[in-house]
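Visitor: Could you walk me through this one? I have it open and would like to go piece by piece.

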Amino acid sequence: MLSATVRELVKSTAPVLKTHGEALTRHFYARMFQGNPELKQIFNQGHQQSGQQQQALAMAVAAYAEHIDDPSVLGPVLERIAHKHVSLGIRPEHYAIVGKHLLASIREVLGEAASDALIDAWAAAYGQLADVLVGLEAQLYAASAGKDGGWTGWRGFKVVGKVPESAEITSFYLRPADGGAVPDFRPGQYLSVRLYIPELGLMQPRQYSLSDAPGKDSLRISVKREPAGTGPAGRVSNRLHDHIQEGDVLDVAPPQGDFVLNTEGDTPVVMISGGVGITPMMSMLNALLQRQKDGGPARELRFVHACRAASAHAMRDTVAEAARRHPNVRRHVFYEQVGEGDRQGVDYDHAGRIDWQRIAGDVVLPEADYYLCGPLPFMRAQHQALSALGVPAGRIHAEAFGTGGPGC
């Protein structure tokens with residue numbers, strides 16, 4: 001338990017961290033990678049270049065300082081961080097390295113304002129945070145290793161299928177190269193995949209949502225090619241699309257992630273996705289339909305998806321077939337750009353972006369759980385719309401693609 005003096009000192013830095021936190025975290029990462037370059041292989045260098053990683057860490061450090069009196073408020077955030085750390089193979093010994101560079105960065109960036117007492121307070125606070133995360137991660141490592149087909153660290157998986165799903169998204173079917181069992185997972189979770197990137201001279205990990213139901217003879221991820229545009233091209237996604245073929249072996253970490261479907265009960269489920277955010281929804285949809293086939297309840301399912309155009313619409317036929325065969329499944333697909341050959345009611349249902357005035361009567365259901373996935377602006381818009389329609393916050397479950405979630 002931290003003393004009152006330590007807590008007050010840490011809290012006193014919260015306003016500074018909110019204002020200058022990104023400068024601090026940029027300094028921290030540059031310092032750490034210079035002193036411990038081997039850690040570049042753990043961190044997403046694309047997010048380093050874009051500033052996403054620095055911004056995310058700055059927000060997390062400021063939030064920890066602000067809530068130092070009751071860190072339990074940050075429980076859901078810490079759980080998500082623990083899943084990400086386990087997916088990347090972060091171990092207890094890494095925390096000492098990070099702590100050394102973080103404390104040194106606080107002193108170097110804040111200058112005279114960083115008294116010895118303040119540094120000592122942050123050392124104690126960081127130690128408490130590290131202990132919490134190490135404990136959470138130990139539980140996740142044990143669970144991953146203890147399940148049938150489970151492991152920790154990296155394991156070779158052979159690509160046994162490569163299937164284009166749209167002009168942008170390709171599915172990769174993965175099976176253990178050692179001939180062992182395919183692990184179970186919870187719908188909504190992701191895999192970390194690690195590739196060597198020649199232009200960086202580094203191994204680089206990325207997280208991709210599992211896009212099919214558990215219980216199959218392979219694991220499926222569906223990867224969007226990230227072209228150059230407002231930021232650099234996605235190095236890992238482009239290498240997967242252009243160079244990885246059937247028969248190749250990838251380094252894969254065990255399934256992780258806390259954005260998961262509640263498979264119990266018989267209440268309605270509403271899945272809302274934008275773009276490549278459809279991938280975890282396919283895992284959820286297929287898992288629910290498999291449970292229904294096995295004698296489980298026919299839960300009311302609503303599948304709401306928005307994409308730019310038909311060329312970007314992945315898994316179109318699978319969702320259409322599910323809606324055609326199962327009366328409890330209804331879809332609402334929005335095309336922002338409708339082409340001349342696009343068939344309303346077949347390929348898509350509505351033109352434009354998601355319009356809740358059109359669909360609320362069918363989609364907002366009593367006791368439903370709502371699962372959202374897509375780019376951050378999309379997520380914010382859908383969360384606000386659902387809240388305005390009276391959906392309780394506890395019924396809305398979200399996964400944003402980007403830092404902290406599945407990436408490119």
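Visitor: Which strands does helix 8 lie across?

Guide: This is a predicted model, where local features need pLDDT of at least 70, side-chain atom pairs count only at pLDDT 80 or more, and totals for chains, interfaces and linings use all residues. Residues are numbered from 1 along each chain as its sequence is written, and side-chain values use heavy atoms, with hydrogens and water left out. Helix 8 (residues 235-243) lies across strand 1 (155-164), strand 2 (169-176), strand 3, strand 4, strand 5 and strand 6 (249-252), and runs at about 85° to strand 3. Helices (H or I, at least four residues) and strands (E, at least two) are DSSP runs numbered from the N terminus, and angles run from 0 to 180 degrees between N-to-C directions, with axes fitted to C-alpha atoms, for helices over the stretch in contact.

Visitor: What order do the six strands have in the open sheet?

Guide: The order is 4-3-6-1-2-5, with antiparallel pairing, where pairing requires at least two DSSP bridges between two strands. Strand 4 (202-209) and strand 5 (219-224) are the edge strands, each pairing on one side only.

Visitor: And how many bridges between strand 3 and strand 4?

Guide: Eight bridges, in the antiparallel sense, with strand 3 covering residues 190-197; Tyr196 stands opposite Met203 in strand 4.

Visitor: Switching topic, at what angle do helix 1 and helix 7 cross?

Guide: The axes of helix 1 (residues 4-12) and helix 7 (residues 116-146) cross at roughly 100° and come within 9 Å, which means that helix 1 is roughly perpendicular to helix 7 (65 to 115 degrees).

Visitor: Which residues of helix 1 meet helix 7?

Guide: Val6, Leu9 and Val10 do, and their partners in helix 7 include Trp122 and Leu118, with contact meaning heavy atoms within 4.5 Å.

Note on methods:
Angles under 35 degrees count as roughly parallel, over 145 as roughly antiparallel, 65 to 115 as roughly perpendicular and the rest as oblique.
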